Amino acid sequence: MNHANQNHGTGTDPAAMRVAYFSMEFGVDPRLPIYAGGLGVLAGDTLRAFADLKMRVVAVTLLYRKGYFEQVLDDEGNQIEREVSWNPGGILRSLAPTASVSIAGREVVVRASRYDVTGPSGHVVPLILLDTDVPENDSEARFLTGSLYGGDDRYRLSQEIVLGIGGVRMLKALGYTGLEHFHMNEGHASLIALELLREEPQPPDGGDEENQSEAAALWRQDIEDVRQKCVFTTHTPVPAGHDQFSYDLVAEVLTEAFPHAELRRLGGDERLNMTSLALNLSHFINGVAKRHREVSQEMFPGFAIDAITNGVHSVTWTSPGFCALYDRLIPGWRADSFSLRYAINLPRPEVWDAHLIAKRVLLDEVRKRSGADLPLETFTLGFARRAASYKRADLIFQDLDTLAAVARVAGPVQLILAGKAHPKDILGKELIRRVFAAAKALKGRVEVVYLANYDMRLAGLLTAGVDVWLNTPLPPQEASGTSGMKAAHNGVPSLSVLDGWWIEGHVEGVTGWSIGATSPQPDARLTTREEIDRRDAGELYEKLGRVILPLFYQDRPAWCDVMRRTIAFNASFFNAHRMVQQYAASAYV
Ligand SMILES: *Cc1c(COP(=O)(O)O)cnc(C)c1O
């Protein structure tokens, strides 16, 4: 009895938690629409790995009452955004304690709900979801936790105050008193460092009444202590992607008693840059792939940047067919993702059968959603991710006649795509329309299906069910990319531009194939985007027609070798178990 009780309680004692992991979004449960893309799904996978490895972590985010939008596409590929309605009550448990933050001069009350991520041993990693939609608040404040990545700068800064400052206060109210590390997953959560500066050590009596210069003096003393607690993971290789707020806005909205001169010193002279704030106040800073570390190091000279390459949660992203195969032939793989290395010896026919199970499930779903009847035997390429312009979903449609000729000569090809554009991303929306136009023009030559409303569930079906996973970002903008790692867990090799994780995961012809510059140096002769696109598309057609399609259609055993090596080399490494163990060894120390 005693023993059972102990097991049940593991991870649930707030005072025993050592790490607080903050993220603006979490793909933690397909029923919770509180993620927009890769950043959130990675955060969800991270929590699942923490739970598997019984790490004492609590996570914090916002409870978006309206979630991230639901995507509807018309016949031309115009994106229509629908509000999702969901009922947190059925999934989350509300908690009694409250916290409050000052936003634009008024007190905003914050409540919390809890979602438990439970590992196979029963170990729990609680996710605390902060909510301002409570009767004590006025209507503007109640909407602050309404939508993810919605609204203007003022809305975003207000949300970040709730997340960072409200989050630290809520953890304290909930009894998380032993936290040693605060991990900011991207700069959205940087304000936690300010709150830690404010409260550590406890101000003497009457500390709140201190004037600014005394507060600044107090801060300077404590900066090193706070730095030792903070960990910052950056995910954005382009400066424009970092949250920045004008100091006018900051003065208006951030009405907590902070010394604003100090804020400028830590957050930037011109604007409050949340990335600068996190860089200045963290002792461990990392990019999410080796190449991304280099790019970040160039962007932020003067800070020591480490690399911890992303990984996905193996059990979450392995299809039922492969789960059954691994359960039979690689016992222990669920507890230890490294054992996927033994996939190198899986019998080829069983690998192929497991793949066909996943492919059938996907093609059935495609039929159900779009009416398109795609044959099981046809080579199927998959491409799904946020419809952001740098991801270049339309690269393969650069030259439709060449693509059609490749399919005519080397063997039939079909394509399944998916992805939402951010509501304000005009270029992203245009990208979807271009793919729709290409699909029409290719009708009868190469079948192309674009599925609406890409989410975790669809990501699972797509990454497992296609024959090759296509990835064509414009380097160096893909910090890591994780969907190709999901594919690798299902023996699906990647055909990808050498950027992000693929620089590490790619062995030509062994784990998949590359597109574009094969050296890390960009080709200096190519200057315009058009030239780069044309060169990359040319290599894509070449590789499909000369290497990939002949192998797929003419040498199935050799194809199955690629599948086995994809699992053995890449799933065994690009998984969340390895990733969180690296965080534990180098960041949470
Ligand atoms: C994995 C995942 C992503 C991230 O894919 P990238 O290859 O990193 O762009 C985005 N959205 C969903 C729903 C996912 O499951």
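Is arginine 367 buried, partly exposed or exposed? In this predicted model, arginine 367 is partly exposed, because its relative accessible area is 34%.

Arginine 367 takes part in a salt bridge with aspartate 364, in which the closest N and O atoms are 2.8 Å apart. The two residues both belong to helix 13 and are 3 residues apart, about one turn of the helix. Aspartate 364, with a relative accessible area of 42%, is likewise partly exposed.

Leucine 470 has leucine 495 of strand 18 opposite. In general, the strands of a sheet pair through backbone hydrogen bonds, in either a parallel or an antiparallel arrangement.

Antiparallel pairing is found between strand 5 and strand 6, over 8 bridges. Serine 102 has glutamate 107 of strand 6 as its bridge partner. The two strands form a hairpin with 2 residues between them, and alanine 104 in the turn has a positive phi of about 50 degrees.

Strand 6 also runs antiparallel to strand 7, to which 8 bridges join it. Here serine 113 has leucine 129 of strand 7 as its bridge partner. Strand 6 and strand 7 make a hairpin with 5 residues between them, and glycine 122 in this turn has a positive phi of about 100 degrees.

## Salt bridges between separate elements

The whole structure contains 45 salt bridges. One of them joins the side chains of lysine 66 and glutamate 83, at 3.8 Å from N to O. Lysine 66 lies in the loop between strand 2 (57-62) and strand 3 (70-73), while glutamate 83 lies in the loop between strand 4 (79-82) and strand 5 (93-103), so this pair ties together parts that are 17 residues apart in sequence. Lysine 66 is partly exposed, at 31% relative accessibility, whereas glutamate 83 counts as exposed at 58%.

A further salt bridge connects aspartate 138 with arginine 106, and its closest N and O atoms are 2.6 Å apart. Arginine 106 is in strand 6 (residues 106-118) and aspartate 138 is in the loop between strand 7 (124-131) and helix 3 (139-142), so the pair ties together parts that are 32 residues apart in sequence. Both partners are partly exposed: the relative accessibility of aspartate 138 is 35%, and that of arginine 106 is 21%. Salt bridges with shared partners join Arg106, Asp138, Glu140, Arg154 and Glu252 into one network.

## Aromatic pairs

The model contains 19 aromatic pairs. In one of them, the ring centres of tyrosine 326 and tryptophan 333 are 5.0 Å apart and the planes stand at 75 degrees, so the arrangement is edge-to-face. Both tyrosine 326 and tryptophan 333 are buried.

Phenylalanine 552 and tyrosine 553 also form an edge-to-face pair, because their planes stand at 90 degrees, with the ring centres 5.0 Å apart. Phenylalanine 552 is buried, with a relative accessible area of 1%, whereas tyrosine 553 is partly exposed at 29%. Both belong to a cluster in which ring pairs link Trp352, Phe379, Trp513, Phe552, Tyr553 and Trp559.

## Charged residues over rings

Tryptophan 352, a member of that cluster, has arginine 556 over its face, at 4.1 Å from the ring centre.

Technical notes: Residues are numbered from 1 along each chain as its sequence is written. This is a predicted model: local features need pLDDT of at least 70, side-chain atom pairs count only at pLDDT 80 or more; totals for chains, interfaces and linings use all residues. Side-chain values use heavy atoms; hydrogens and water are left out. Rings of Phe, Tyr and Trp (its six-membered ring) pair if their centres lie within 6.5 Å; planes under 30 degrees apart count as stacked, over 60 as edge-to-face and the rest as tilted. Buried means under 20% relative accessible area, exposed over 50%, partly exposed in between (1.4 Å probe, protein chains only). A charge sits over a ring if NZ of Lys or CZ of Arg is within 6 Å of the ring centre and within 35 degrees of the ring normal. Two strands pair if DSSP finds at least two bridges between them. Helices (H or I, at least four residues) and strands (E, at least two) are DSSP runs, numbered from the N terminus. A salt bridge is a side-chain nitrogen of Lys or Arg within 4 Å of a carboxyl oxygen of Asp or Glu.
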